[in-house]
Amino acid sequence: MPTVSVVRDELFAHLGETLTDKEFDQLCFDFGIELDEVTSAQELARKEKGDSAAGSEEQQQQNGDAGVNGAAGVADDVIYKIEVPANRYDLLCVEGISKALRVFKQKDDPPVFTLEPSQPNPDLKITVEPQTGQVRPYIVGAVLRGVSFTPQMYASFIDLQDKLHHNICRRRTLVAIGTHDLDTLKGPFRYRALPPSEIQFVPLNQTESVDGNQLMAMYESHQQLKAYLPIIRDSPVYPIIYDSDGVVLSLPPIINGDHSKITLNTRNIFIECTATDLTKAQIVINTLVAMFSPYCAKPYKIEPVLVEYEPSHPKMAGGQTRTYPSVDSRPVEANVSYVQKLVGVTDSALMGPDRICQLLKRMSIPSERLSDDTVRCHVPITRSDVLHACDLAEDVAIAYGYNNVKAEIPPTLAWPSEQPIGHLSDLIRHEFAQAGFNECLTWGLCSSRENFECMRRTPRADEDADLQEANLHIYQYDAFARPVRLSNPKTKEFEVVRTSLLPMLLKTLAANKKSPLPIKLFEVSDVVVIDKSTPTGARNVRRAAALYSNLTSGFEVIHGLMDLILSKLSLTAAYNRPDATPPPTLQHQQQQQQVVDGVNGHHHVAANPGPPGGPDYPAKTYYLRPSNDTAFFEGRQAHIVVGEVVIGVVGVVHPAALKGFAIDTPVSAMEINLEPFMEWLAQ
């Protein structure tokens, strides 16, 4: 969740009252936010290694003649660090927090935003050329008139842009904000997309004109801006905004032009937001004007901007003309009974329609009663987080006070318990750990290369996989199972859902190969296999895997570990028992019952269960038979077989597989399927 740092005295000046830290902490709790820390500007500067003037990215870009440092106020100002919900963009600055708290405390009514004039001035028109569809197709705009900046207001204005860029704008990939001194520009404006060699302008706080290619070279080592260069670097055209005199306003999402930079003397602000997501752009422009229109000569009055898309624009078929920002509230209706049920207050005397309207007004949402069971809410532009009636119910609960909701015992009675497979997994983890192995917790997603090529395994071809997999037992350990593939992976490291635990264990070993030998690792977790009989077409399978790495393969260590784990699971090795098992003693029967109870959550795994048998528990044995898993050394590997079902594999990992993970020491490994034991141990 975002954390907003505000100067305490400035916040209290906006609130119109002074509170103790404890009182303000309680106010934040009542409103649904949290006072995370009370610190000082001096302490923050120390945490930033003495760079007290570093400021935010936007502050470094736009300070220019303003002379505004990163901290608003003197070095000994008390700073409140307030944690706010991630989707409450109206709470990312001191103006938004103070206004919301004043409305919550019923000192103010929710503000009403209007456009003035109602129709945009022809000089405030942005024409969008079709080439912008190749890079950043959308743009929105607005004008704030008669703003009088103080250093604190200016710093807050820049800081809000910085927080929006890192939050809803997704580091400028979705939306990039540009703010300009309107008095230095001449409309109308034109939003174009040109080859970088055809662009010439003076970037912010620079003195020499550069083209697009030179701009990229100039900022490739810049501490902040270098992160945004890849957004458009490989595009054949760069987005750029001109005024009617050919002056460059900005080259989004990189930097503004120096000609129209904001200073403390700026009175009329032109705001433009270019975007790849139009909805996000509208939320961003609405948030900016809502937070700072109170500082206009006419508070809460915003001047609109006309955006005209040319007919051949690829994202706006036929060309469209739109006016921004849209400050109209959104109607959302909610049933009173639905709100009462979610809040947990069903008494109409305490939570009737009129009371709900009062509570929503405290949360900056004007509402009206339509009937005894319906209220209509007029959601303002500051509350883009309200999407459904359940969001309104949440605000009602906050305004009512969670501590005021009477606690009641639920009408149903249920005893929580761990899933049997989860409990069995925990018991097996203890056994691995007591054997001296270290647990790993690795990603469920991996690359196709790690899952197959590095392991020298090849998944079945789709054309004959269905028939082959249909003939496999449901508990069969399948080293060549087809993976579930991600349709649009963000990175090559996460392309498929793993079909084996061993690749990620080997990757973990590779990352820790400088640790002292021997290295002993294990993991008990899920893999996913294709299963057309399930509703999703795939199913999770719980497995346990371990590896041992030393100067020698140490196969005897892994073999002994396998025998230990399977004995704890009440299996007996066929090569360690006679053909006819003697009748179990009473002690053996008691030990066996401890194993069964352990799976059901009542006891731990028996330390020495003895040979299984008896009338109530069918004897189970396992044996090893040669396997042909290409991930292991030929002749030094075996399938673990129970009855006629292969439940796992054990062996010495093939050197070529080790080379795929850059491992230079021998490794032995095992992997078993835990799913069948849920059935066998319950018998």
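Predicted model: local features only at pLDDT ≥ 70, side-chain atom pairs only at ≥ 80, totals over all residues.

Visitor: What makes the pair of phenylalanine 31 and phenylalanine 104 edge-to-face?
Guide: Ring centres must lie within 6.5 Å to pair, and planes over 60 degrees apart count as edge-to-face. The centres of these two rings are 5.2 Å apart and their planes stand at 70°, so the pair is edge-to-face.

Visitor: Why is the pair of phenylalanine 31 and phenylalanine 104 said to tie parts together?
Guide: Phenylalanine 31 belongs to helix 2 (residues 21-31) and phenylalanine 104 to helix 5 (residues 94-104), so the pair ties together parts that are 73 residues apart in sequence. The ring of phenylalanine 104 also has arginine 362 over its face, 4.2 Å from the ring centre.

Visitor: How many aromatic pairs does the rule give?
Guide: The count is 14 aromatic pairs. Ring pairs also make a cluster of Phe149, Tyr154, Phe157, Phe292 and Tyr295.

Visitor: What describes the pair of tryptophan 443 and phenylalanine 494?
Guide: Their rings are 5.6 Å apart, centre to centre, with 70° between the planes, and the pair is edge-to-face. Tryptophan 443 sits in the loop between strand 19 (438-439) and strand 20 (445-446), and phenylalanine 494 in the loop between strand 21 (484-485) and strand 22 (496-497), so this pair joins parts that are 51 residues apart in sequence.

Visitor: Why does tryptophan 443 count as exposed, and why does phenylalanine 494 count as partly exposed?
Guide: Exposed means over 50% relative accessible area, buried means under 20%, and partly exposed is in between. Tryptophan 443 has 58% relative accessibility, so tryptophan 443 counts as exposed. Phenylalanine 494 has 25%, and therefore counts as partly exposed.

Visitor: Why is arginine 171 called partly exposed?
Guide: Its relative accessible area is 36%, so arginine 171 is partly exposed. Arginine 171 is in the loop between helix 6 (151-166) and strand 7 (175-181). From arginine 171 to alanine 227 it is 56 residues in sequence and 8.6 Å in space, C-alpha to C-alpha.

Visitor: What is the strand order in the open sheet of three strands?
Guide: The order is 1-3-2, and the pairing is antiparallel.

Visitor: How do you know that strand 1 and strand 2 stand at the edges?
Guide: Strand 1 (3-7) and strand 2 (34-40) each have a single partner strand, so one side of each is left without a neighbour in the sheet. From one strand to the next, the twist averages 25°.

Visitor: What makes strand 2 and strand 3 a pair?
Guide: At least two bridges are needed. Strand 2 and strand 3 (residues 78-83) have six bridges, in the antiparallel sense. At one of the contacts with strand 3, leucine 35 has isoleucine 82 as its bridge partner. Helix 1 (residues 8-15) lies across strand 1 and strand 3, at about 85° to strand 1.

Visitor: Which residues of helix 9 are buried?
Guide: In helix 9 (residues 336-343), Val336, Val339, Gln340 and Val343 are buried.

Visitor: Why are the buried residues of helix 9 said to line one face?
Guide: Seen down the axis of helix 9, they fall within an arc of 100°, so they line one face of the helix. Their cover includes strand 16 (330-335), helix 10 (353-362), strand 18 (374-379) and helix 11 (389-400).

Note on methods. Residues numbered from 1 in each chain as written. Heavy atoms only, no water. Phe/Tyr/Trp six-rings, centres within 6.5 Å; stacked < 30°, edge-to-face > 60°. Helix = DSSP H or I, 4+ residues; strand = E, 2+ residues; numbered from the N terminus. Buried < 20%, exposed > 50% of the residue type's maximum accessible area, 1.4 Å probe, protein only. Lys NZ or Arg CZ within 6 Å of the ring centre and 35° of its normal. Axes fitted to C-alpha atoms, helices over the stretch in contact; angles between N-to-C directions. Contact = heavy atoms within 4.5 Å. Arc of directions from axis to C-beta.
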